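Here's a quick briefing to read alongside the model. Have the viewer open and follow along by topic.

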Amino acid sequence: MIQMTGAELILRLLERQGIRTVAGIPGGAILPLYDALSNSKLIRHVLARHEQGAGFIAQGMARVSGRPEVCFASSGPGATNLVTAIADAHLDSIPMVAITGQVPLSMIGTDAFQEADIYGMTVPVTKHNFLVRSAAELLEVIPDAFRLAMSGRPGPVLIDIPKDVQTQVVSFDAFPLPAIPDAAPASDPDAIEEAARLINAAERPVLYVGGGVIHSGAAQQIVMLAERAGLPTTMTLMALGVMPIDHPLSLGMLGMHGARYTNFILEESDLLICVGARFDDRAIGKAAQFCPRAKIVHIDIDPSELHKIRNAHVAINGDVGVVLDALLPRVNIRLRKRWLSHVGSLKSRFPLHMPRLEDPRSPYGLVQAVACAVSDEAVVTTDVGQHQMWVAQAYPFRRPRQWLTSGGFGTMGFGLPVAVGAALAAPARTVICFTGDGSFKMNIQELATLAEEGLNVKIVLMNNNSLGLVYQQQSLFYGKRVFASKYQGAPDFLKIAGGFGIDGVDLDTARNPRAALAQALNAPGPCLIHASIDREEFVYPMVPPGGANTEMIGG
Amino acid sequence: MIEQVAEPLQQSGFAKVVLELEVNNHPGVMSHICNLFARRAFNVEGILCMPLSDPRRSRIWLLVFEDQRLEQMVLQVEKLVDVLSVRRHGAEHEVFERLEKFFY
C-alpha cells in the first residue's frame, strides 16, 4: 500500500509522465502542491512573472517538443490569468495540461477569497476540464488529462484542484501507467482509394497543408506526396516549415497576406487536397469564392472539421500521417509539365514583392538579415501583427517546429514567453523572438524570467511606436481615420531591457547594422535587438477582411 | 443557460429532432453540453436528464430544431469527452410528447 498526500501524488504522476519542467506562479490555494514540488528531484520549476506568461512558456515547450507540457497557477486571478494562454492553445491545437489551485471544497460557491469558477470559465476553451473532488480521483484524472491532451487533435486540458484535495492523504496499491495517446481512428480505405483516383485524374491540383501535418509529424510524407504526384503545395500560417520554402513545388503561404501568385493558382485549381487544415477565414477569404472550380479532398483527424466550412467530395477522417502512408502508393507519378509550367509563369508574373530586401533597417531586410545570420536549427517565435506577417512572408522556413506563432487566436504577448519555453525545451538552439512594440509590452514582465534563466533568446523588436496592423487597417479601410493606434509616449526599450539585466543592441545607431545584428545573434544568452520601423510600412498584399482571396490590394 | 442567448435565430418552420445522449453522470456534464449549444446560439427547445440503472451513466434527451447547423452541432457534441453516444430520432419520438401533460 502506497500512502501520500494529493499534492505528492500529483508530483509523482507528473514525474512518471516524463514532465521535467513546469512553469507557474504560486499562491495560497496551490501552496500544498508547491510544497511538494520543492521536494521533487526530477521537476524543475520556472517562475513566471504573470500566469499568462506561465501558460505561454508551457506552450512554447509543447510547440517545440510536440508533447503535453504543464503550467501551474493558483486560484482566482491566478487561474483567470491563464485563460488567454489556454484559449490560444485550444485554437492552435497545442497539447497542454494546466493545473490550478482552487479554494477548499467546502468553500466553493461561497465567494471565498480568490475564488473563481475556472472550471466553468474554461469549458469553451479547453478540450476537456476537471474539477477534482478527492485525492483518489487524481489517480485517474492526471493520466486522463495527458491522454486527452495528446490524443487525436491535440489541445489543452485544465485540472482544477481544491486545496484540501491537495492536502488529503490517499492510499492506493500501485501507480497508474503513464498515459499514452489513444489509437487514431481507422480510415476508410474506399475513401483513400477515391482520393487517389481524384489526384491521378486531376489536371490542376493544389496541395493545401495545415498545422495538423506538424502535429502528426507527417511533413516528410507531404513532401513525398507532392513530389510523386507533382503537386504545387501551399501552407497555412501554422504549417510553414512543412515543405522547405525553396522547394520548387512550394507556393508559400496562402490567404490574407499570401503572395498574389499563390492565391491566383488556388483560384485556377481543379482539385484541392486539404491535409490537416481547417479552411480558416484568414487563409481562404470568402469561403464560397475559394477555389471555385475545385473538387475537394479533405483529410483531418477531427471529424467535425470535415464539411464544416466547405463540403468535401472525399472526406477522410484519420491521422494525416497514417492516411498519407496509405495514399502514397496509390498515387501515380506525374510530372505535370503543363500545370507546373503555368504555375511557374504565375509565380514569375505575380511574385511576392519584398521591397528594400538589402536594407537591414527595413522590415523585410531585417527578417532576411536575421535569417542569414543564423542556421535552420534556430527556432523563430513571433508576436502578433505586422511583424508576424513580414516574418511569415520573408523568413526561409525549412523544417517543422522551426516556427512558433499564435495562428488561430492571434494573441499579442505570445512571442516572448513562448520563446522562453522553446529555449527551455531546446537549450541547444538559438531562439529568435520577432516582436512589435505593441505586442512586446503585453508580456514584457517575462524579461525577468528570461534574465533569471539566462536563456539563448534573441528578441528582435520592430518598433513603429504604434499598433501597426490596426493603423494599417484604419488607413486602408476606415478612411484614414486613425484612432487609438498611435502611441504618444515612446518608451526606451533598451533601457527597459537593461533594467531587467538584458543587453541590447540598437540597429538605428549601429554603424554597420548587419554586423551588429550578426554579432548579437551569435553571442550566448539573452539580448534585445531594437530597430525602428517606419509607421507607413504596410503588409502587402492584403485581402480586405471579408473579401475573396483574389481581391488582394497592394504587393 | 440557454436563455442567456439574446436573440436565438429564427427557427420556427424547421422540423424538430430528438437527440438521445448517453453520458457520464457527474456534476459538470450538463454544463459542458448546455454551454456548447448556448455559445453557438443553437436553441434547445426541451431537455430531460435522468440517471440510468448504472448510476455512473445518465441519459439526456434534447429537443432541437433541425436547421443546417445540426450536423455540425452533433459532431461537436460527439467530441465531448463525457458524451458516450448520440442517437438521432425524429420529432415523432414520444419522450417529449408524453411530458407535455406536465406543462399544459
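UniProt lists residues 4–119 of chain A as "domain: Thiamine pyrophosphate enzyme N-terminal TPP-binding", from an unreviewed entry; UniProt positions follow the numbering used here, feature names are shortened, and annotations may be inferred rather than shown by experiment. This is a predicted model, where local features need pLDDT of at least 70, side-chain atom pairs count only at pLDDT 80 or more, and totals for chains, interfaces and linings use all residues. Residues are numbered from 1 along each chain as its sequence is written, chains are lettered from A and ligands numbered from 1 in the order in which they are written, and side-chain values use heavy atoms, with hydrogens and water left out.

**Annotated domains**

- Over residues 4–119 of chain A you get 43% helix and 19% strand, with the end C-alpha atoms 26 Å apart; helices (H or I, at least four residues) and strands (E, at least two) are DSSP runs, numbered from the N terminus.
- Residues 192–327 of chain A carry the UniProt label "domain: Thiamine pyrophosphate enzyme central", again from an unreviewed entry. That span is 35% helix and 20% strand, and its end C-alpha atoms lie 6 Å apart.
- UniProt puts "domain: Thiamine pyrophosphate enzyme TPP-binding" (unreviewed entry) at residues 383–530 of chain A. Here the chain is 40% helix and 16% strand, with 15 Å between the end C-alpha atoms.
- Over in chain B, residues 18–91 are down in UniProt as "domain: ACT" (unreviewed entry). This one comes out at 28% helix and 43% strand, and its end C-alpha atoms are 6 Å apart.

**Where chain B meets chain A**

- Twelve residues from chain B and 14 residues from chain A make the contact (heavy atoms within 4.5 Å).
- About 1100 Å² is buried between the two chains, and carbon and sulfur atoms give 56% of that; buried area is the accessible area (1.4 Å probe) that two parts lose on being put together, summed over both.
- His32(B), Lys79(B) and Val81(B) supply 42% of the area chain B buries against chain A, more than any other three residues.
- The rule finds one salt bridge across this interface (a side-chain nitrogen of Lys or Arg within 4 Å of a carboxyl oxygen of Asp or Glu). Lys79(B) and Asp302(A) meet in a salt bridge at 2.5 Å, N to O.
- On chain B, the elements giving two or more residues to the side that touches chain A are α1 (29–39) and α2 (70–79).

**An aromatic pair in chain A**

- Phe56(A) and Phe414(A) pair edge-to-face, 5.3 Å centre to centre with 70 degrees between the planes; ring centres of Phe, Tyr and Trp (its six-membered ring) must lie within 6.5 Å, and planes under 30 degrees apart count as stacked, over 60 as edge-to-face and the rest as tilted.
- Phe56(A) sits in helix α3 (residues 51–65) and Phe414(A) in the loop between β16 (403–404) and α17 (415–425), so the pair ties together parts 358 residues apart in sequence.

- Most residues other than glycine have a negative phi, and most peptide bonds are trans.
- Ser93(A) isn't a glycine, yet has a positive phi of about 55 degrees. Look for Ser93(A) in the loop between α4 (77–91) and β5 (96–102) of chain A.
- The peptide bond from Tyr540(A) to Pro541(A) is cis, with omega near -10 degrees. Pro541(A) lies in the segment after β20 (527–532) of chain A.
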